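Have the model open as you read, and follow along residue by residue.

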Amino acid sequence: GTTTYVENMTPVTSLEEFSDSLTSATQALNDSQTETNATFAGTSLTVPTDLMSIFEEAADTYGVDVNLLTAIAKQESNFTADATSSSGAMGIMQLMPATAQGLGVSDAYDPYQNIMGGAKYISQLLSRYDGDVSLALAAYNAGSGNVAKYGGIPPFAETQNYVSKVLGYYQNGVDIPSQTSSAQASATDTEGL
């Protein structure tokens, strides 16, 4: 149902109480606008409008399934905008500095630039591997050189686990946190190898 924000205001007798009451009603309005419910591939997700709208725009712009993009972001950083891996990968989609630069991303910690850059990159990899999602994900994680060197998904436990986890998120859907989180990423990334 719809919430009436006036319901969140309480009867007041002073200017201070009015200010507090108005603040409560404004917070209720802002809280309701922070999240939007969206359904993708039969999976109901509660997502912040700021991130979900970026993922949707990136999916539309680069022709990549929005569920794949959110699955990658979940595995890469758990949607943490200021994440930095031990190998230097940055932001929500964990772009390596050289990769980010090659994609035209000037601020890899900016969620919009990062998600758009990650979408462009996975789109390029999907084209390179004729739509083979597993190979594209392996290249996203370990680099195209390693995919070529090993003729498929490299025999690195990290990359094999990465591909498996992302495919699982892709098939089952992910919950995107209601707020863009900030924390150091603990995952390592071998994309640049």
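A residue counts as buried here when its relative accessible area is under 20%, and as exposed when that area is over 50%. Keep in mind that this is a predicted model.

**Helix H3: a mostly covered helix**
- H3 runs over residues 66-77, and its 12 residues should span 16 Å at 1.5 Å a residue; the end C-alpha atoms are 16 Å apart, so expectation and model agree.
- Of the 12 residues in H3, 11 are buried.
- The buried set consists of Val66, Asn67, Leu68, Leu69, Thr70, Ala71, Ile72, Ala73, Gln75, Glu76 and Ser77.

**The two ends of H3**
- At the start of H3, Asp65 places a side-chain oxygen within 2.8 Å of the backbone nitrogen of Asn67.
- After H3 comes Asn78, with a positive phi near 55°.

**Helix H8: a helix with a buried face**
- H8 covers residues 157-172; at 1.5 Å a residue, its 16 residues should span 22 Å, which agrees with the 22 Å between its end C-alpha atoms.
- Thr159, Tyr162, Val163 and Val166 are buried in H8.
- Viewed down the axis of H8, the buried residues lie within an arc of 95°, so they line one face of the helix.

- The buried residues of H8 pack against H3 and against helix H6 (133-142).

Conventions
Residues are numbered from 1 along each chain as its sequence is written. This is a predicted model: local features need pLDDT of at least 70, side-chain atom pairs count only at pLDDT 80 or more; totals for chains, interfaces and linings use all residues. Side-chain values use heavy atoms; hydrogens and water are left out. Helices (H or I, at least four residues) and strands (E, at least two) are DSSP runs, numbered from the N terminus. The expected span of a helix is 1.5 Å times one less than its number of residues. Buried means under 20% relative accessible area, exposed over 50%, partly exposed in between (1.4 Å probe, protein chains only). A polar contact is a pair of N or O atoms within 3.5 Å; within protein, one must be able to donate a hydrogen and the other to accept it, and residues adjacent in sequence count only if both atoms are side-chain atoms. The arc is that of the directions from the helix axis to the C-beta atoms. Contact means heavy atoms within 4.5 Å.
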